[in-house]
Amino acid sequence: MKNVFKLKQCFKRTAAAICSAAMLMTIVSFGKSGTAYAAKVSESVSDEIGLVGNLFCISDENSADHAELQWATTLSADSFTLYRSTDPENDFVSVYEGSGTSYEDDDMVMGMTYYYQLKVTSKGKEMYSSVKSLTPCILPSGLSTYDNQKGSNLVYDTNGYKVGNTYYSYVLKKHNGKDDIYLAETTSSDGKHFGNERNVAGSSQNSALESCKIESVHIDYIPEKNKVVVWAHWEKPSGYSDGKALVITGTPGGQFTVHHVYNPLGIQVRDMAIFFDDDGAGYLIAAANKEGQGANATMYIFRMNDDYSDVTEVVTTLFEDQYREFPNLIKKDGYYFLFTSQAAGWYPSSGAYSVTKDLKGKWSELRSIGNTSTFSSQSGWIVNMQDKNYLMHAYRWLRASSTSGTTLCPLYFDNGFAFYDYCPYFKYNTSTGDLYPVQQGELLSQDRPASSSLAAKSENSPAKAFDGSYQSSFTAIGDYKKWPFYLQVDLERVCELSNIQTSWYICKGSEGYYTYTVEGSLDGVNWTKLLDHTDKNSEVVSKTYGFNSDMLSGKARYVRLNVQNATLQNNPNNNWYTPTVYEVKVFGNPIGSAEKPKPYVDIDFENGTGNLSLNGGAAVKQDAQKGNILYLDGSDDTYGEFPTGMLDGLRDYTVSMDIKSESEGNFFTFAAGKNDEKYVFFRVAKKLFRFAATTDSWRDETELIYDLNGTEWHNYTLVVNGADTKLYLDGKEVLHTTETHGQIADMDSGTSCYIGKSYYSDDSCFRGSIDNIKIYKCALSENEISGNDDARGDVNDDGTFSVADLVTMQQFLLGSGILKKWENGDLCKDNVIDVFDLCIMRKLIIS
C-alpha cells in the first residue's frame, strides 16, 4: 500500500484539494447519530424551549474542541431532535434524535463555528429553540484547575472589596474558647495579604451576640452607597428554635452598627440570601415559617429598607409547605432565578429553581436541574465570574475526608431555563471569567445498547439509565426486584476507559449508599474487575450518597455495573429500595473496532452434527434449497441434544438458526432449562413464532408472539441480554421485551439444551427442517446480526464511522494527516485512497 500512496498522480492530489475544500463546509455538518438530511434554520422559535452549549476539554489537552448541549422545555415533549450546521442559515443536519436532554458533540474541527437548533415534537406539533453557536478554540493562558474529585479552592487575583487604594475583608468570628460572635475587618494594600484585624461589631452593641451560633452568612458591599451589608441566621448555641436574623451594616474603615437580632415581621427565618437589584433595591430571601408551621416550610422574599438594615414588606411567598432550603437569587438576561435545595438534613438532596420576570408577579413551578442528588451535594450559592460564566457552588456536608467538600458545576442560562452538569475538573480564570469543564474522555455510553439482570417495563428499561437524562431511570419491576443486580452497556467498540459517573436513587429520610463493582469485557464472556466499591469500612463508600464519580483504567467493549446492595442510613439492615439507577455515564476514548464474537456452537450439517447428538427420527438430509439440513419428523423422542450444562450460568446468549416448520400445536423448537418449572424456549409453528421464559412454570412466563409464515425458510436469531430479549427475523428486529424474568442463570447448574424437545410430557416433538445452528455465549449487537460492517469508513480506527473519519480522510488527501486503517477508507475497492473514496464517505454519512 505504501507504494500505491507514492504512485498517486499529481492530479489526484490536486483534485482532492479542490474537492475537499469545497466539501469541508458540508461534511463537518454531519454528526455521529441521527437521521441526516439538510434543512434551513427554522424561524418557528418558541420561548418555552431552552438550549445551551458549552465547550469542554478532554483530560490534559490544551484545546476545547468538544461540546455538551443541554436542553429543557415546559412543553409536553414527545421527542427531541438536535440539528447542527456550519452555516447559521442553511444545511442543518440532525445529529441527535431521542428522549434525552443532552448530547455530546465529539466531531468538531478547530477554527470552525458550529450552529445548533433544537426541535421539540409535542402533540404532533414541531417547535424550535433559538440557534446557538460554538467555536472550538485553544485554551487561553493563565487558567487554574479546580478539582471536584478531591477538592480545591477557587483562585482569585485579589480578595475583599477595594475602596480607594485599600482592600477590605469581613468575616463573622468567635473569640477563642467563647460562643460570642463579632464582625472582623481586615485590610490589605494588594488584595492578597490581609492584616490589621479590627472588631467592628459585636456583643458590646447587642448582648444577643455574647452566646450564639451563626449560619447562612451573607456579606456584600454596595459601591453606590459605600456600604457593607451583613445578614445571617442567628440561633442560641444549641437548637434551631429561634429562627432569627442578625443584621449589621457599616462603612469600610468606618463605623458599623448591629441593627437587629430578630424575626423579620415576626416571621422565623433560617437559610437565607440577600439580593440587590439593578435599581439598588435590596431583598432578603429566606426559608421561613410563621407560628405553627414547621421550620423552613415556605420560602419568603422580603423587601429591605433603603439602608438595608431592616425589611419593610413581604414581596411574595413561594413553595408553601414544600420545605425548601438554601435559597440563592440571581438575575440573568431579565429573568430572576431562585435556586433552592430540598430539606434533607446533612444528606444530599435534589436541587431545583423557579424563574420569573417580576419578583412580585407569577413564578414558575419548581424546575429540576442537575441530577437528583445535586451530585452528592446540597444546592448552594452562585459564583458570578465577571458576568461571563457562572458556577453552582454546592456543599457536601457528608463525605469522606479524602474527597471534596464542595461540588462546583458550570451553570448556564437560556430563555428562562438554567442548566448545570458534573465535571471532575474544570479550568478557569476568575479575573477574565473564562471557564472550561474537563472530562476524562468522550462520553461513550449514551444511547448504546443496555441491559440488566432484572426485568423492567419499557418506560423504565435499562436504556433509560444511558439516555442522557437525569430525570428518567432504570427501575426494576417490583414483583421481580432483587439484590444484587447489574446494569450493562455495550460500547460497540473497544475503548480505553477513564471515568464512570453513576446517579443513584435515594429517598429523603431513608438515604442509602451503594456497594458495587465495575467490570469490563472485550468479548462479553470473559470479565475483568476494574473497580471495587464494596468496602463499608471506607468513608469513600459509606459517606457517599446519591452520586459517585470513579476513575477507571482498562480496555473494554462491554461495561457492567454490579450493584451489591444499598445501605439505608436509618435502617441499615433493611434495604427496601426497588433497584433504580437514574443515569450511568462511561467516559474514555475509542481505540478500535470490536471483533465479532465467535459462536460456541456452529453447525451447518455439511460436516456432521458437531456436539449435537441426535435421537429418534432425527437425521441429516438433503434439502434442495439449503443442502444438508437437520430434519425432525415429529415422532416421539425425536430431537437433538447438546451437552448438559452447556448454557449454565448464562444471562447473555444468542441462538440463531434457519427453520422451516411443519408443526402445529404445543411443542418446543429450541429449549434450555431444567424441567417444566424452569425453562426458556421458542417454537416456530406454521403461522407463528412464540418465545417464553420462566422460573415458575407456565404460570409466570415472559412471552413474545409474532405472526408469520413458518412453512418457508427463515433465519431466527434470539438475543437474550439479561432481562432484555429480542427476536430478529432474517436480520430484522421484530420483537423486543425488557421484562424477561426467567433466565438460565437462575435455573441452577446442570441445565439441558434441546432442539425439538419440550419439557412438558404431553407436548409433541417438533416437525420440520433446521440449518445453520449458531449459539453464542454473549448477546450479539444489531449490526453483528444484520451483517453491517462497522469498520467501513472508520479510517481513524476508533470503532465508529463518523464525521471525524471524513476530516481525517480530507487531511490525509491534503497531505497533512495519516490513516490508521487505510483499508477501511478504500470504499472504491481499488487499493487507492483518493477523492472518490472521500465522496463515497460523504454519501454514506448523509444516507
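**Exercise 1. State the accessible surface of the protein and the share that belongs to carbon and sulfur atoms.**

Solution. The accessible surface is about 34,200 Å². Carbon and sulfur atoms hold 44% of that surface. Areas come from the Shrake-Rupley method with a 1.4 Å probe; for residues, only the protein chains shown count as cover. This is a predicted model: local features need pLDDT of at least 70, side-chain atom pairs count only at pLDDT 80 or more, and totals for chains, interfaces and linings use all residues. Residues are numbered from 1 along each chain as its sequence is written, and side-chain values use heavy atoms, with hydrogens and water left out.

**Exercise 2. Describe the overall build of the protein.**

Solution. Start with the elements: seven helices and 56 strands. Both are DSSP runs numbered from the N terminus (helices H or I, at least four residues; strands E, at least two). Next, the extent: the C-alpha atoms fill a box of roughly 105 × 75 × 50 Å along the principal axes. Then burial: 57% of the 847 residues are buried (under 20% relative accessible area, 1.4 Å probe, protein chains only).

**Exercise 3. Examine helix H5 and what follows.**

Solution. H5 covers residues 803–813. Nine of its 11 residues are buried. Among them are Val 803, Leu 806, Met 809 and Phe 812. Asp 805 and Gln 810 are buried too. Gly 815 follows H5 and has a positive phi, near 85°.

**Exercise 4. Characterise the largest cavity.**

Solution. A cavity is a set of points on a 1 Å grid over the protein atoms alone where a 1.4 Å probe fits but cannot get out; lining residues have an atom within 4 Å of a point. The largest cavity has a volume of about 170 Å³, the space filled by probe spheres set on the points. It is lined by 17 residues. Nearest its centre lie Phe 56, Glu 68, Asp 421, Tyr 422 and Gln 439. S6 (102–105) is one of the strands that supply at least two lining residues. S6 gives the largest share, three residues.

Key
Buried means under 20% relative accessible area, exposed over 50%, partly exposed in between (1.4 Å probe, protein chains only). On a 1 Å grid over the protein atoms alone, a cavity is a set of points where a 1.4 Å probe fits but cannot get out, and a pocket is an open set with protein on both sides within 12 Å along at least five of seven lines; lining residues have an atom within 4 Å of a point.
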